[in-house]
Amino acid sequence: MAILTSRPRGTNDFLPGETARWQYLERTLLQTAELYGFKEIRTPTFEHTELFQRGVGDTTDVVSKEMYTFLDKGDRSITLRPEGTAGLARAAIENGLLGEALPLKLSYAIDCFRYEKSQKGRFRQFHQFGVECYGADLPVTDAEIISLAFDCLKTLGLSGLTLAINSIGCPTCRANYYKALKDCFESRRGELCETCQTRLDKNPMRILDCKSPVCQKIAAEAPQVTDYLCPDCRAHFEELQRLLTSAGIPYTIDPGIVRGLDYYTRTVFEISVPDFPALCGGGRYGGLVKELGGPDVEGIGFAMGLERLLMVMKEQNCPVPEEQSCDLYIASMGKAASEQAFRMVSALRAEGFSAQCDLVGRSVKAQMKYANKLGAKYSMVLGDNELSEGRAALKAMATGTQQEMTIGEGFAEAFSDVMMNGYVLAAADAAAEFGSQK
Ligand code: HAM
């Protein structure tokens, strides 16, 4: 394999043309979250490895198998973030954000790294949009977060969305549930994969999201967490269901959803479309902030994979705005004309138009070919004649129609009129037109 010209497995190049979609996606999602009061935060791409071991949990697949971890030159163990929640909690604590008015609402659009088997919609570097809300414990927060996730996906034009919710309880109910799980799995310990044999002692719930088919088969017979909820967790879950019903958000309860990360308590949820289970996943986390050394504040949030979103949007033909193409290409012949072209494109850009001129000294024919390739809406050719007359022909590339325009001061404004109203007939042409109608 040509190492120098092949990207690492599981990564993507997003080429011009595609990046407009990404910008649209990130802008739309962040703006939708802003309607709910979420403000964007940016945190480092890498963090201390311990953050994920403690925050996400060292028996999870993500931490035990999928992290990009390395020693930096100072012998510190560093990890490329596999997700956003732990880093955001760290940043909120470190910057004292949790001592300010709560609830604190943060949004993010980030890249994440997981050493996973690459397959459809599963990459080693991928992107997430997500939100985290701290310091709001009532079930109405859970309903608001789920409603935001839905709004985000609907604003992008997606259809066929299904929401599955579950409650995985708090440490109190978890203790009883773990005991039941251990009792169930112990007799089949030998059949479990090596990782799950360790999980059985340390964190039996993680066996439920093991990707090994044998473990999955055994896990299917495990007791369900919803049967072990304490009265408070049960009440929280029932209130959430009432709120979702009254908000008209359809859902199913799926006791199989335990999520693959350790920090969750109580509500967990996933939103899917037929081709993509778990396009978006999230839930409440009661102990994470405290575990990381912050105040005893609960958090709740979700994240959605942007690569997966774009794939589904393509499949469902969701509208995406076109990227801005070149409004005007000014071709030129000779030094004086190319200087004039340079001045004109600067003035046009100052008015917000996308304008280009020749940068390589090509022939006018080659410049026009390039303008065509750029998809320029209009073009203009400047030579000695145009400079001495102070006028040049503006050509609409799609139709070939031309209009004479003054090229000095005020050109950008006149071009703006053309862009808004189509051609404005020059006075002489208008007179001729008038004459021909008589
Ligand atoms: P997660 O379910 O691990 O949750 O990831 C969230 C989303 O990221 C997934 O639903 C999926 O769309 C996308 N995703 C995950 N792994 C990959 C991959 N290898 N390639 C492409 N896309 C992927 C979290 O990360 C939690 N931090 C979500 C959260 C926020 N919970 C509370 N707050």
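This is a predicted model: local features need pLDDT of at least 70, side-chain atom pairs count only at pLDDT 80 or more; totals for chains, interfaces and linings use all residues.
Local features were kept only at pLDDT of at least 70 and side-chain atom pairs at pLDDT 80 or more, while totals for chains, interfaces and linings use all residues. Residues are numbered from 1 along each chain as its sequence is written, and side-chain values use heavy atoms, with hydrogens and water left out.

Let's start with an open sheet of eight strands, in the order 1-5-6-11-10-9-7-8 and with mixed pairing. Helices (H or I, at least four residues) and strands (E, at least two) are DSSP runs numbered from the N terminus, and two strands pair if DSSP finds at least two bridges between them. Strand 1 (39-40) and strand 8 (252-253) sit at the edges with a single partner strand each, so one side of each has no neighbour in the sheet. Further in, strand 7 (residues 162-167) and strand 9 (residues 267-273) pair in the antiparallel sense over six bridges, and Ile 165 stands opposite Phe 269 in strand 9. Helix 9 (residues 231-246) packs on this sheet, touching strands 7, 8, 9 and 10, and its direction makes about 160° with that of strand 7. Here, contact means heavy atoms within 4.5 Å; angles run from 0 to 180 degrees between N-to-C directions, with axes fitted to C-alpha atoms, for helices over the stretch in contact.

The other open sheet has five strands, ordered 13-12-14-15-16, and its pairing is mixed too. Its edge strands, strand 13 (355-357) and strand 16 (402-406), each pair on one side only. Three bridges join strand 12 (residues 328-332) to strand 13 in parallel, with Tyr 329 opposite Gln 356. Helix 13 (residues 364-374) packs on the sheet, at about 170° to the direction of strand 12.

Now for Arg 206, found in the loop between helix 7 (194-202) and helix 8 (213-219). Arg 206 and Thr 60 are 146 residues apart in sequence, yet their C-alpha atoms are 6.5 Å apart in space. Beyond its neighbours within four places in sequence, the contacts of Arg 206 include Thr 59, Arg 199 and Asp 262.

Asp 262 turns up again among the residues closest to the centre of the second largest pocket, alongside Pro 171, Tyr 263, Thr 265 and Gly 287. Helix 2 (49-57), helix 6 (171-186) and helix 10 (288-291) each supply at least two residues of the lining.

Technical notes: On a 1 Å grid over the protein atoms alone, a cavity is a set of points where a 1.4 Å probe fits but cannot get out, and a pocket is an open set with protein on both sides within 12 Å along at least five of seven lines; lining residues have an atom within 4 Å of a point.
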